[in-house]
Amino acid sequence: MTELSKIGIGSVQFGLPYGISNTTGQTSEEEVSKIFKVAFTNGITIIDTATSYGNSESVIGKNGGEKFDIVTKFMPSSYGISVIDQFEQSLIGLGISELYGYLAHRPLELISNKNDWRVIQDLKIEKKINKVGFSLNDPKEYYQLIEAEIFPDIIQVPFNYFDSRFKEILIELKENGCEIHTRSTFMQGLFFMNKNNLSDFFKPLFTELDYIQSISKNELSSSLLKYVLEQPFIDKVILGIENANQLEDNIKGLSFAIDLKPISKRFSDELLMPMYWPKI
């Protein structure tokens, strides 16, 4: 049976109108409170956020986020605000006294500025942070950080039915005690978009999109979610949520979600990484 406790709530929509298929804009605070009630009732314990997600931290803090374990992310001190100041601002916004996880949002900057890494390690020693690590987009980043002897307790990477670039890394990290969080389960909603509304940039995905979209609409999102949740090396699947009904539908749908057929095709990084996508 799929474990609901492996789901985490992604909060970028709480502070920004985010996602290629998002047509509703930023989630209201009233709706955030409803999302948290549904999550808490279903044994979901993690909320993922970041200082760069607009005002999401303060929205979380004002609407019941203290009931959850919070993972947030910091920007390099070279961007103008020290890591300590960012940490303290995050705690104030979130209305909590400690973090479950603190991730570098631009982790390669740690290689040239290891003091930022030392600062969060000190906060961990002081028990103000439980786990420290980084959020990655590209496996190459991971190898550069490991070569610089920067080792995570917790890591967040994209992983979904199309994107398994990090799989071998995650298996190795899991074996060494690192906590694994994944994001981009739905590729910002790309899995649900009509290919006729997509540019030719996405054409290499069209055959697989046809297969995905041949699945009943009532089963599709939950089947995609089930695929990631059932990967044994993944601890938490961070799910971007726009409203409480969406979360409830995904949870209920897991009971009748189907097993997706294995996919062996490898796609280019440009197709898998939203930073390279053309604007629609």
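**View 1. Leu173 is a buried residue of helix α8.** In this predicted model, Leu173 has a relative accessible area of 7%, so it counts as buried (under 20% relative accessible area; exposed is over 50%, partly exposed is in between, all with a 1.4 Å probe and protein chains only). Leu173 is found in helix α8, which covers residues 167–175. Helices here are DSSP runs of H or I with at least four residues, strands are runs of E with at least two, and both are numbered from the N terminus. Who does Leu173 touch? Leaving aside neighbours within four places in sequence, Leu173 is in contact (heavy atoms within 4.5 Å) with Tyr142, Pro152, Ile155, Cys178 and Ile180. Leu173 and Ile154 are 19 residues apart in sequence, and their C-alpha atoms are 9.1 Å apart in space.

A quick note on reading these views: residues are numbered from 1 along each chain as its sequence is written. The model is predicted, so to speak of local features pLDDT must be at least 70, side-chain atom pairs count only at pLDDT 80 or more, totals for chains, interfaces and linings use all residues, and side-chain values use heavy atoms, with hydrogens and water left out.

**View 2. Phe134 sits in the largest nonpolar core.** A nonpolar core is a set of buried Ala, Val, Leu, Ile, Met, Phe, Trp, Tyr and Cys residues joined through side-chain atoms within 4.5 Å. The largest one has 79 residues, and those touching the most other members are Ile9, Phe134, Ile155, Phe162, Phe191, Ile212 and Leu247. Zoom in on Phe134: not counting residues up to four places away in sequence, its contacts include Leu103, Ala104, Pro107, Leu110 and Trp117. Also touching Phe134 are Leu145, Ile150, Pro152, Ile154, Ile155 and Gln156. There is a second, separate core of 6 residues, and among them are Ile46, Tyr100, Ile154 and Ile238.

**View 3. Leu205 lies in the loop between β7 and α9.** Strand β7 covers 179–183, and Leu205 has its place in the loop between this strand and α9. Is Leu205 buried or exposed? Leu205 is buried, with a relative accessible area of 0%. Not counting residues up to four places away in sequence, Leu205 touches Phe162, Leu190, Phe267 and Leu271. Leu205 and Phe162 are 43 residues apart in sequence, yet 8.8 Å apart in space, C-alpha to C-alpha.

View 4. Phi of Ser184 is near 60°, a positive value in a residue other than glycine. For Met187, also a residue other than glycine, phi is near 50°. Their cover is another matter: Ser184 is partly exposed, with a relative accessible area of 24%, while Met187 counts as buried at 4%.

**View 5. Helix α9 has buried residues under cover from α10.** Helix α9 runs over residues 206–213, and Phe206, Glu208, Leu209, Tyr211 and Ile212 in it are buried. An α-helix has 3.6 residues a turn, so residues three or four places apart point the same way. What covers the buried residues of α9? The cover includes α10, residues 217–229.

**View 6. Ile251 is buried in helix α11.** Helix α11 spans residues 244–253 and holds Ile251. With a relative accessible area of 12%, Ile251 is buried. Which residues does Ile251 meet, leaving aside its neighbours within four places in sequence? Leu4, Val38, Asn42 and Ile44 are in contact with Ile251. Now look along the chain to Arg266: Ile251 and Arg266 are 15 residues apart, and their C-alpha atoms are separated by 29 Å.

**View 7. Tyr53 lies in the loop between β2 and α3.** Strand β2 covers 46–48 and helix α3 covers 56–62, with Tyr53 in the loop between them. Tyr53 is buried, with a relative accessible area of 14%. Not counting residues up to four places away in sequence, Tyr53 touches Ser11, Val12, Gly15, Leu16, Asp48, Lys73 and His105. The C-alpha atoms of Tyr53 and Asp269, 216 residues apart along the chain, lie 24 Å from each other.
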